[in-house]
Amino acid sequence: MKSLKARSNILSKTQKQLEILNGELFQGELTPFKDNISKAGQATLKPSTIEILQINLGYMCNQVCKHCHVDAGPDRKEIMSKEYLEKCLEILQENNIPTIDLTGGAPEMNPHFRWFVEEASKIGVKEIIVRSNLTIILANKKFKDLPEFFKKHNVHLISSLPFYEKKRTDAQRGEGVFDKSIQALIMLNEVGYAQEGTNLQLDLVYNPVGAFLPGNQLELEAEYKRKLKTDFNIDFNSLYTITNLPISRFLDYLLASDNYDEYMEKLVESFNPSTLDGLMCRNTISVDWDGYLYDCDFNQMLALRVDAPKSQHINDFDSKELSNREIIVNQHCYGCTAGTGSSCQGSLI
Amino acid sequence: MNKDQSYYNPSDLKKFSQISEFEPKLAEKFFDWYGDVFKAGALSEREKSLIALGVAHAVQCPYCIDAYTEESMKKGASEAMMMEAVHVSAAIRGGASMVHGVQMMNKAKKLSM
């Protein structure tokens with residue numbers, strides 16, 4: 001399978017996605033997100049202190065997952081330059097931002113990845129999160145020592161495993177991904193990840209394989225722990241449940257499977273105002289491979305840049321202006337406010 | 001009824017709560033109790049969803065089959081778990097007929113020489 005972009009699919013155009021998200025359904029039947037947050041007493045969403053700089057190191061990936069909101073894949077060539085990575089280090093120091101969250105694509109495929117993690121470690125970034133797809137560790141000889149590298153820099157790993165069984169995982173992430181993910185998890189356990197007496201954090205991400213919302217995070221975590229321990233003797237720390245947002249390849253799936261209307265109805269019906277204060281866009285700034293800034297990774301994929309005219313780019317990062325901005329919202333935001341809420345750190349309440 | 005109509009309309013599932021229109025007090029009691037039934041207790045939420053899925057097949061309620069297939073999936077049930085729940089339901093239905101075979105045999109034997 002190729003990316004939407006490589007297939008010249010109409011949905012590779014962010015404008016088209018926004019047109020669909022703001023189409024007929026939200027002109028009568030369903031309440032637009034902005035109206036619903038207004039009713040909840042938050043006419044605008046404002047940020048709090050920037051605690052996380054989420055850096056997208058590039059859209060290149062060794063996998064082509066059916067639900068990918070990034071439209072990542074081997075055919076994507078967008079990679080963050082060393083110049084912008086250096087600028088990110090400067091911003092982290094100047095603004096005392098405690099956490100970096102490295103994502104992609106497969107962030108490890110950026111040629112400057114290891115250098116950047118080493119430098120971030122040197123300047124004392126408190127928490128280095130890497131969103132690893134696991135299979136990258138087995139994709140090429142040059143990645144096989146990644147578990148040792150992660151351990152050396154005390155990297156907090158967050159990895160997708162959408163189900164504890166092969167069939168459903170492979171249906172979303174590609175044939176053979178489950179088996180390779182299991183092998184990679186065993187390698188990570190072997191170097192000490194999620195083992196007693198180490199501080200090496202290994203969290204897994206559950207996201208539904210289809211047009212339904214995630215269930216209770218704690219119940220799913222208990223089941224994952226039981227199944228992975230029994231079947232493969234694998235340990236991990238926490239499970240994060242993440243709702244699929246109706247953009248990019250997941251939007252393509254929803255439309256192609258005739259699930260779009262019902263899925264949007266589910267998201268809107270499940271709108272929970274008590275998730276609003278904890279939304280990840282409050283304390284995160286997302287940076288794309290080309291240095292532009294966004295309220296979150298999803299806004300990045302819809303090309304909705306921050307509403308801060310002088311701080312559009314990492315080269316012009318002005319934390320004061322950014323802290324006074326208004327967070328850009330659209331109908332996809334319902335994905336983060338449904339039920340118990342959803343974020344890159346899982347459920348919100 | 002014209003050819004596009006059916007006794008079962010999938011969109012009616014969303015109107016379930018509207019049964020309160022004709023009798024609000026009892027509906028309120030029903031929905032409170034219903035909500036509590038499906039909360040985790042001695043059984044997990046997923047086990048309760050799978051029981052509901054099995055019962056949905058036994059009572060042949062298409063609304064319940066749609067609702068509890070999705071609920072079971074949300075709660076992490078695999079395809080195998082859901083199909084086993086349907087088999088349990090079918091086995092009890094089939095078994096309920098078969099066990100009456102004993103009654104038939106008793107009667108037949110009593111009537112026979």
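Where chain A and chain B touch, ten residues come from chain A and ten residues come from chain B. On the side of chain A that touches chain B, these residues fall into four nonpolar, three polar and three charged. The model is predicted, and every value given here is computed from it.

Within chain A, one pair of helices can be followed in detail. Helix H6(A), which covers residues 166-173, packs against helix H7(A), which covers residues 177-190, at an angle of about 105°, and their axes lie 8 Å apart. Since angles from 65 to 115 degrees count as roughly perpendicular, H6(A) and H7(A) are therefore described as roughly perpendicular to each other. From H6(A), the residues A:Lys166, A:Thr169, A:Asp170 and A:Arg173 take part, and they meet A:Val177, A:Phe178 and A:Asp179 in H7(A). Sorted by class, this contact of H6(A) with H7(A) has two nonpolar, one polar and four charged residues.

Turning to chain B, its secondary structure consists of four helices and zero strands, so that reading along the sequence gives the pattern α-α-α-α. The C-alpha trace of chain B spans about 60 × 40 × 35 Å along its principal axes. The radius of gyration of chain B is 19 Å, whereas a compact globule of 113 residues would have one near 13 Å. Of the 113 residues in chain B, 13% are buried. When contacts in chain B between residues at least 6 apart in sequence are considered, 57% of them join residues at least 24 apart.

Conventions
Residues numbered from 1 in each chain as written. Chains lettered and ligands numbered in written order. Predicted model: local features only at pLDDT ≥ 70, side-chain atom pairs only at ≥ 80, totals over all residues. Contact = placed C-beta atoms within 7 Å. Nonpolar A, V, L, I, M, F, W, Y, C, P; charged D, E, K, R; others polar. Axes fitted to C-alpha atoms, helices over the stretch in contact; angles between N-to-C directions. Helix = DSSP H or I, 4+ residues; strand = E, 2+ residues; numbered from the N terminus. Parallel < 35°, antiparallel > 145°, perpendicular 65-115°, else oblique. Rg over C-alpha atoms; globule rule 2.2 N^0.38 Å. Buried ≥ 20, exposed ≤ 12 C-beta atoms within 10 Å, placed from the backbone.
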